[in-house]
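Good morning, everyone, and thank you for making the time. I would like to walk you through one protein model today, going from the whole chain down to individual side chains.

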Amino acid sequence: MTDFDESTPRSAPKPGSIAARAMAARGSQSPDYLAGLNPEQRAAVETTEGPVLVLAGAGTGKTRVLTTRIAHIVSTGRAWPSQILAVTFTNKAAREMKTRIGLLLGGQVEGMPWLGTFHSIGVKILRRHAELVGLKSNFTILDTDDQIRLIKQLIQAENLDDKRWPARTFANMLDAWKNKGLEPANIPEGDARAFGNGKGRELYKAYQDRLKSLNACDFGDLLMHPIAIFRAHPDVLADYHRRFRYILVDEYQDTNVAQYLWLRLLAQRSALQTATGGEGETDPFDDTGPRAIDDDPDAHDGMWDDEASPAEAAEGSPPAGSDDAGRAVDRKGQPPRINICCVGDDDQSIYGWRGAEVDNILRFDKDFPGATVIRLERNYRSTGHILGAASHLIGHNEDRLGKTLFTDHPDPDDPKVEVNAGWDSEEEARAIGEAIEDLQRREDHDLNDMAILVRASFQMRTFEDRFVTMGLNYRVIGGPRFYERMEIRDAMAYFRCVCQPADDLAFERIVNTPKRGLGDATIRLLHDYARARGVPLIAAAMQMVETEELKPKPRNTLRRVVTDFLRWSELLPNTKHTELAEQILEESGYTEMWQNDRSAEAPGRLENLKELIRSMEEYESLPSFLEHVALVMDTEQNAEMDAVSIMTLHSAKGLEFETVFLPGWEEGLFPHQRSLDEGGRSGLEEERRLAYVGITRGKRRVKIWFVSNRRIHGLWQSTIPSRFLDELPEAHVDVMEANTSYGGYGAGGFGAYGSSRWDGAAAFNEGAYKTPGWRRAQAAKAGFAEGGAGQPGGRGGDGWSGGRSREIDYDAGASGARAGRGHNQPARQGLGLHASARRGGPREIEGELVAKSVSTDQSRFDAGDRVFHLKFGPGTVALVDGNKLTVDFDKAGQKRVLEGFVESA
DNA sequence: ACCAACTTTATTTTT
DNA sequence: TAAAGTTGGT
């Protein structure tokens, strides 16, 4: 592929300039930025008019199409950058688009003001029209923490038991409703009744009222409020209609109903035909609000200063070359066509559980009649084998539009997708660790180009443990984020109180942090006082300390707090914000609190606070910093050191790596049992898409693993291979045979069973004791006495620093030679290993150390019996509890196991 | 108001 | 198992 940077002229023609127009009119000679696009990509870029759906498979140049399209629109004079609405889901995606457009347009055009996440654009709109939904333009945005505390108060206010009705649960329900665009009046009756003794709807209303009185909104409201405004105020909506000549949406398959409604309103409802997708009487598409959104551009003008497109604004006459295809911008009075371009991939829709509606993308052409649908199937990322495997797998899904990825460069020498079997998760981690070192040593493979993608984050731990003992650099991506840390939130709460004296939630958070002796009782009184007078807590506190209503001790403490805040507020306008922030943390005693804390995390927290102040440098004021943080809960992280990435499949979407390891392909884990239970067939399909996303992250090598034993919730479960393995095409897959002995028993294994360890275990499950696998397992018994089931080194290294990832850095080359390197060879078998008869739920085979109660249920074993266990070998029964045995194993120590998994010996 | 013992509950995550 | 949340005692 040609690089943009090289093919793009140093300085793009100024939009609207003669040069730009000339360029647009050039016709046959295409501008440089189009060079290097394949025909489909080019069509996606050049079809600027009318609704367009670009189905962009993994690795087909989706972002390139989006950015080039914007550059095209701008440099052909179709619109100013400020007339283009471009929405993404994540800040990261928005950032990337901004930089890439900057490169394309040669930096001559100011950054696009309407390129951002749904939420950040939502805030922008809402700040403009806040009063239309009863807010002030300086409203605050609650984070989940505040939200939950607020809900808890409401639940208590309703005299409900806040244990029976957890605030968190209600927060989730709220989120789901708002994702669907449902206001209190529209929520399904069943939902309303399901919470708080049928008070669901009342609570929702009370919650919204409370937000309004706090001049606050939650994330969902950033979409809900604009929708409400657009519906109730056609004049406002019409302004946006005139402004946004082109709309672009990234990752359209991830849009939820609210986002869909929001987009549909902006893209002009009146031109849309049908509204499908809602279920039942609470159809979100058919509720309140003015339906007719007929544009009436003459009713109001002057809101935007640049309503004409560059071409129109260009001096002189109407744009030259009126034959110039599809100039969308009509004269005033005629509603423009819908120039909406949605880019997405139905096969990568993995956020259904979060409210995403794959349906949005599946029915695009019904929503936007006459839509042009363009498929991008030419993949520039992966080998033919990887694409073949991924395509075949995803072919098992029914709900899809259907695409098949292909590559122009199939190479017979490319490695096939590998499937490996392991005994348990520790062996899996060990073998993957060895494979990584192998690649590093033999192929000079950068660790940065390798990733381990897991289904659930608990799987990460085994890898961390293993890599720590190996001294292998790794990086965990995801997990707790910087701005979600307690100390950061506390500090932010202080800042919020200073900038927003009405921010009660922030105030409540820190009145007694550090501990000042202002307990529940005092706060309750303060609350009542504030409520009675209808003033914010800080204001109430100010008044209250002048009265006799509080006992002298808390009164004086509270007075101190209040005067502190007053002082800081006065300093706000004239003090450098970073200095003020430091001063606040210092004078409030917050820093001191952590300095006096003797716990292990305290130094890290202080470090994080420093980092917080440091990151404030980039902003010009405290308020602007707060605004940023509310929406961008993300910090950039250093990619400097060479390290293997460990992350979930979800967070891997959009990334690519030379080599990808996919462990844990077992029924119950992947596909996850819960998806199956709760989502049925569509749940399974989403899991399959997740598998597809995983495989398509790999550029050259994809190595899949499954194990026969995994510890879940502290219990060992016997597992069977994922059905997805059966769905891989033999032609593109190698089934590997583990041939390792791991340098002896001490390393944790107890000898090699060969390729069929897992099928031995599976056979065991089904009671089919006569299979070859079982016989091998029996044979292994004999050799067991010599072996041991010791554990490899323990967990160490907790010195990871802030940010949204933790990293462990070892000196390069610290990992010396180890005994027993693993060698994998293709097995003789094909993929027919996983007979469907072996499928079934995972079974519990072993448990915790000590039984809690002894029941009198009969068991075929008694204390003192000698038994044999497939994983732990021979042992003596110490305790019988129903069907659970506590066994002292000769080599593995005392374990609790289900009796079905031991044999009399 | 604070800490220790007990119980509960364990996907996926952005804004 | 292990982390988080809750209860009950000081």
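I will begin with the chain as a whole, then turn to one strand, then to the nonpolar cores, and finish with salt bridges.

Please keep in mind throughout that what you see is a predicted model. Chain A contains 33 helices and 24 strands, and of its 905 residues, 55% are buried. If we take the contacts in chain A between residues at least 6 apart in sequence, 78% of them join residues at least 24 apart.

Let me now turn to strand 2, which covers residues 84-88 and in which 5 of the 5 residues are buried. In a regular strand the side chains alternate between the two faces of the sheet. Which residues lie on each side of strand 2? Ile-84, Ala-86 and Thr-88 are on one side, Leu-85 and Val-87 are on the other, and all of them are buried, so that both faces are covered by the definition of under 20% relative accessible area. As for its partners, strand 2 runs parallel to strand 6, residues 246-249, and is joined to it by 4 bridges, with Ala-86 having Leu-248 as its bridge partner there. Strand 2 also pairs in the parallel sense with strand 3, residues 115-117, over 3 bridges, and here Val-87 has Gly-116 as its bridge partner.

In soluble globular proteins, nonpolar side chains tend to be buried together. The largest nonpolar core here has 50 residues, and those that touch the most other members are Phe-495, Phe-507, Leu-558, Phe-565 and Leu-612. Helix 20, residues 486-499, gives the most to this core, with 9 residues. What is Phe-507 in contact with, once we leave aside its neighbours within four places in sequence? The contacts of Phe-507 are then Cys-497, Leu-526, Leu-537, Ile-538, Val-561 and Phe-565. There is also a second, separate core of 48 residues, which includes Phe-118, Ile-121, Val-249 and Val-632.

Finally, the salt bridges, of which the count comes to 58. In the first, Glu-189 and Arg-193 form a salt bridge, with the closest N and O atoms 3.5 Å apart, and both residues lie in helix 9, residues 189-194, at a separation of 4 residues, or about one turn of the helix. Glu-189 is partly exposed, because its relative accessibility is 43%, whereas Arg-193, at 55%, counts as exposed.

In the second, the side chains of Lys-653 and Glu-251 meet at 3.6 Å, N to O. Lys-653 sits in the loop between helix 29 and strand 13, while Glu-251 sits in the loop between strand 6 and helix 13, and the pair therefore ties together parts that are 402 residues apart in sequence. Both of these residues are buried.

In the third, Arg-701 and Glu-443 form a salt bridge, again with closest N and O atoms 3.6 Å apart. Since Arg-701 lies in strand 14 and Glu-443 in helix 18, this pair ties together parts that are 258 residues apart in sequence. Arg-701 counts as buried at 11% relative accessibility, and Glu-443, at 45%, is partly exposed.

To close, salt bridges that share partners join Lys-62, Asp-250, Glu-251, Asp-254 and Lys-653 into one network.

Conventions. Residues numbered from 1 in each chain as written. Chains lettered and ligands numbered in written order. Predicted model: local features only at pLDDT ≥ 70, side-chain atom pairs only at ≥ 80, totals over all residues. Heavy atoms only, no water. Buried < 20%, exposed > 50% of the residue type's maximum accessible area, 1.4 Å probe, protein only. Helix = DSSP H or I, 4+ residues; strand = E, 2+ residues; numbered from the N terminus. Pairing = 2+ DSSP bridges. Salt bridge = Lys/Arg side-chain N within 4 Å of Asp/Glu carboxyl O. Contact = heavy atoms within 4.5 Å. Core = buried A, V, L, I, M, F, W, Y, C linked by side-chain atoms within 4.5 Å.
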